[in-house]
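I opened the model to see how the chains are built and where they meet. My notes follow in the order in which I looked things up.

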Amino acid sequence: MMSGRYELLLYVVAGAVYVTLGVFWWRLLLSWVEGAGFLLLAVWILPAALRLALRR
Amino acid sequence: MSWAAHDLEPYAIQRHLGRRVAIIPLLVGSYAPDMMSKWFVYGINVFGVELKADDPATFHRGWPGVGFTHSLFFGVAVAIVIVLLTRNRVYGFSFLIGQWSHALTDMGDTVGTMLFFPLTTQQFSLDAWAYAGQTGRFTDAGAYYSGLGFVWDGVWIAYGAINWKVLTKDYFREVVLPADSVWSWGGRYLPEPALLALYRASFFYGTTRWMAWLLWAHVANDFAFDLSWGGPDWVPALAMVPLRVLRTCPCGGSCGACG
């Protein structure tokens with residue numbers, strides 16, 4: 001289970017990356033689906049995949 | 001029009017109404033008025049053919065057009081359909097509140113919304129920021145993030161930050177999840193971090209988009225800030241149309257009122 005601080009850090013990093021990408025690649029900012037997909041990738045899929053890889 | 005408020009306002013409503021609303025229909029209601037029309041306002045290119053409304057503002061907010069989606073009665077009508085189809089009053093109420101918040105927020109620009117359509121096509125407007133959808137997506141973005149529009153969005157981000165508990169895991173478990181069985185159903189296929197990300201997605205999307213467009217407008221580009229009422233003045237803003245009552249006057253057009 002994620003601790004509160006770790007979870008907050010994930011969202012802050014996800015937000016910073018999304019903002020940076022969005023400034024230079026504005027098409028990313030136009031779609032809610034892409035935004036939600038990016039968030040799922042950043043705070044769930046990638047951390048889960050990383051945990052799985054580290055466990056092996 | 002608003003660029004991020006429609007993503008953010010539902011969380012403020014959620015905070016105040018708790019289990020009396022369900023966040024998914026609330027968000028759908030908040031997005032509904034623009035859902036099928038925004039692309040046609042800015043125009044898209046399909047296989048080399050430019051598809052765009054001849055008169056974007058009238059199409060988006062007026063009549064004839066799809067401006068009726070910004071009417072309070074449209075929200076009521078769709079909410080009734082939702083209740084009839086789902087037998088769930090919370091869903092209907094949530095959609096209604098979300099749609100009303102959209103319609104009322106869009107009153108902030110210079111074109112306004114037909115709040116009382118079909119009784120009247122009068123567009124009600126506060127004229128706080130320029131409506132510049134007709135200029136295309138980029139100039140509109142630059143104008144919106146240079147005038148009071150982005151300030152209004154910022155108010156909702158600040159409000160969300162003050163009421164940060166609405167975004168916490170505990171709030172999700174205690175308030176959001178019991179109000180809507182969709183989350184329990186989703187929990188059968190997705191772990192809690194994924195459900196939480198979906199719950200927070202619109203707030204994340206609205207906040208990060210607000211920051212990114214602000215940086216795009218004033219760091220990557222050189223749009224000038226103008227926080228005057230109805231500004232920015234450098235963009236050709238459209239204004240609301242005069243009062244037109246749909247009901248036909250019994251005089252047949254001869255009296256002074258309908259001349």
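Predicted model: local features only at pLDDT ≥ 70, side-chain atom pairs only at ≥ 80, totals over all residues.

Residues are numbered from 1 along each chain as its sequence is written, and chains are lettered from A and ligands numbered from 1 in the order in which they are written.

**Entry: two single residues**

I looked up B:Tyr31, which sits in helix H2 of chain B. I take helices (H or I, at least four residues) and strands (E, at least two) as DSSP runs, numbered from the N terminus. B:Tyr31 counts as partly exposed because 18 other C-beta atoms lie within 10 Å. From B:Tyr31 to B:Asp180 I read 149 residues in sequence and 19 Å in space, C-alpha to C-alpha.

Next I went to B:Val21, in the loop between H1 and H2 of chain B. B:Val21 has 26 other C-beta atoms within 10 Å, so it is buried. I call two residues in contact if their C-beta atoms, placed from the backbone, lie within 7 Å. Leaving aside neighbours within four places in sequence, the contacts of B:Val21 include B:Ile13, B:Leu26, B:Phe93 and B:Ala179.

**Entry: helix H1 of chain B**

I checked the length of H1(B), residues 5-17. The expected span of a helix is 1.5 Å times one less than its number of residues. For these 13 residues that gives 18 Å, and the end C-alpha atoms are 18 Å apart, so the two agree. Among the buried residues of H1(B) are B:His6, B:Leu8, B:Tyr11 and B:Ile13. The buried residues of H1(B) pack against H2 (23-31), H6 (89-105), H8 (148-162) and H11 (192-220) of chain B. B:Gly18 follows H1(B) and has a positive phi, near 55°.

**Entry: H2 against H6 in chain B**

Two packed helices are described by the angle between their axes and the distance between the axes. I used axes that are lines fitted to C-alpha atoms, for helices over the stretch in contact, with angles from 0 to 180 degrees between N-to-C directions. The axes of H2(B) and H6(B) come within 6 Å and cross at roughly 35°. On the H2(B) side the contact includes B:Leu26 and B:Val28, and on the H6(B) side B:Phe95 and B:Ile97. I count Ala, Val, Leu, Ile, Met, Phe, Trp, Tyr, Cys and Pro as nonpolar, Asp, Glu, Lys and Arg as charged, and the others, Gly among them, as polar.

Chain A has two helices and zero strands. Its C-alpha atoms fill a box of roughly 35 × 20 × 15 Å along the principal axes. Of the 56 residues in chain A, 20% are buried.

How many residues does the contact take from chain A and from chain B? I found 15 from chain A and 15 from chain B. On the chain A side, H1 (4-24) and H2 (32-55) each give two or more residues. H2(A) has the largest share, seven residues. The chain A side divides into twelve nonpolar, three polar and no charged residues.

Conventions
Buried ≥ 20, exposed ≤ 12 C-beta atoms within 10 Å, placed from the backbone.
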